[in-house]
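Please work through the exercises below with the sequence and the coordinates open side by side.

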Amino acid sequence: MFDHPSFDAHEGVHMFHDAASGLRAIIAVHSTARGPAAGGCRMWDYDSGEAMLKDALRLSQGMSYKNAMADIPLGGGKSVIWGNARTDKSPDLFRAFGRAVNSLQGQYTTAEDVGVSVADMEIVREETPYVAGLDKGEAASGDPSPVTAKGIFLGLRETAKRALGTDDLRGKTVAVQGVGHVGSYLCDHLAGAGADLIITDIDQAALEAVSKRTGARIVAPDAIYDVEADIFAPCALGAVVNEQTLDRFKFKAIAGGANNQLIVPEMGELLRRKGILYAPDYVINGGGIINVAAEISGNYSRDWVEAKLARLVETLGEVLDEALSEGTPTNVVADRIARERIAAAK
Ligand code: NAD
């Protein structure tokens, strides 16, 4: 563990197994310097325990940085459950997961991520109060995706201002990869702003629904990397900026919601050299955690969420400006600011 390339001084990495329900989970707590750790729970059918651990560590560190950039009083953590979200879910599994979360006594608060729904989190709530993104209860904030998508839309315009010389998206083309929770809301915002959309997904029904609403052109999953578009908005998977895809990009900017878009941080420099302006993922996609933070505070306020979101978009603009003026990759500037904010809180 301590030699793991993604260990990055995690405060705690907790493994859980529950034979009765089949739960295999990791809760990674990267930092509580800025407050109790918070971050979603991902359910994924990993190829190996090693792949699961790596995902947990990278996502958890990403949450520390994300929460610092969103300037919310939370540290960074993340949980992963090993299993197929379509076939392996059961109430007992999420109850066992809830007990695992509860055993950390508030050091970590969980919420939804890929493969995990509000309904699943309602079951987790039966075992622990350290869960957010719920539908019921006084401070309940529900699905964070609409707020995430709004932040990405505003951040994409902020990025367009610098990469295209305008934030007027009329006549501009945006390629959206993944039209799930975040991607579909993002498409609605973009279409409303007059952008032309090219979309892809592996879910045909989701594609058709979005295309019908927005007039988006549908392409096959692998074709999205080759399309002629001004901006690429990855809203499905991580690691989509890699050695294979980079040469295919004709985009002027990348601004989307997926976590861990760069397969390795060095991709940031390669994007810079190619003249593609990259909105660091954990900065632009912080809207959802702002919404969750409002719920965790016990006093949900829409105005507070909107104000934090507006400030986050300004922060993104500052990161982009600093990177452009220094000739430094945007992800390097964002990492530096995030680490400074975490260190200052220690
Ligand atoms: P989701 O599961 O609702 O949507 C993901 C979509 O991607 C699905 O429609 C899926 O079919 C599609 N997909 C999967 N494999 C694909 C492929 N190979 N090519 C094209 N499409 C593919 O998840 P979501 O909540 O919309 O989250 C999307 C991304 O944004 C994830 O990386 C997530 O970690 C990140 N994110 C989400 C939130 C949030 O509030 N939901 C917040 C921050 C970051």
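The model is predicted, so local features need pLDDT of at least 70 and side-chain atom pairs count only at pLDDT 80 or more, while totals for chains, interfaces and linings use all residues. Residues are numbered from 1 along each chain as its sequence is written, and side-chain values use heavy atoms, with hydrogens and water left out.

**Exercise 1. The surroundings of β2**

Task: Is strand β2 largely enclosed or largely open to the outside, and which strand does β1 join through seven bridges?

Solution. Start with accessibility, where buried means under 20% relative accessible area, exposed over 50% and partly exposed in between (1.4 Å probe, protein chains only). Strand β2 (residues 23-31) is largely enclosed by the rest of the structure, because eight of its nine residues are buried. Then turn to the pairing: β1 (residues 12-18) runs antiparallel to β2, with seven bridges between the two, and V13 is placed opposite A28 in β2. The two strands form a hairpin with four residues between them, and G22 in the turn has a positive phi of about 85°. Strand β5 (residues 75-82) also pairs with β2 in the antiparallel sense, over six bridges, and here S31 faces G76 of β5.

**Exercise 2. The annotated lysine**

Task: Where does K78 lie, and is K78 buried or exposed?

Solution. The unreviewed UniProt entry places the feature "active site" at K78; UniProt positions are given in the numbering used here, feature names are shortened, and annotations may be inferred rather than shown by experiment. In the model K78 belongs to strand β5, and K78 counts as buried because its relative accessibility is 2%. The last step is to examine contacts, meaning heavy atoms within 4.5 Å. Not counting residues up to four places away in sequence, K78 touches several residues, among them I26, I27, A28, Y108, D113 and N259.

**Exercise 3. V179 and the cysteines**

Solution. The unreviewed UniProt entry lists G178, V179, G180, H181, V182 and G183 for "binding site". Of these, V179 lies in the loop between β7 and α5 (181-192) and is buried because its relative accessibility is 4%. Leaving aside neighbours within four places in sequence, V179 is in contact with S184, C187, I199, T200, D201, A206, L207 and V210. C187 is in no disulfide, the nearest cysteine sulfur being that of C235 at 7.5 Å. C187 is buried with a relative accessible area of 0%, and C235 also counts as buried, at 12%.

**Exercise 4. The ligand**

Task: How many residues surround the ligand, and which atom of the ligand is 3.3 Å from the side chain of S145?

Solution. There are 22 residues around the ligand (a heavy atom within 4 Å), and the closest are T148, H181, V182, D201 and N259. Of these, V182 is located in helix α5; leaving aside neighbours within four places in sequence, V182 contacts S145, T148, A149, I152 and C235. For S145, an N or O atom of the side chain is 3.3 Å from a nitrogen atom of the ligand. A polar side-chain atom of N259 lies 2.8 Å from an oxygen atom of the ligand, and a backbone N or O atom of G180 is 3.5 Å from an oxygen atom of the ligand.

Key
A disulfide is a pair of cysteine sulfur atoms within 2.5 Å. Two strands pair if DSSP finds at least two bridges between them. A polar contact is a pair of N or O atoms within 3.5 Å; within protein, one must be able to donate a hydrogen and the other to accept it, and residues adjacent in sequence count only if both atoms are side-chain atoms.
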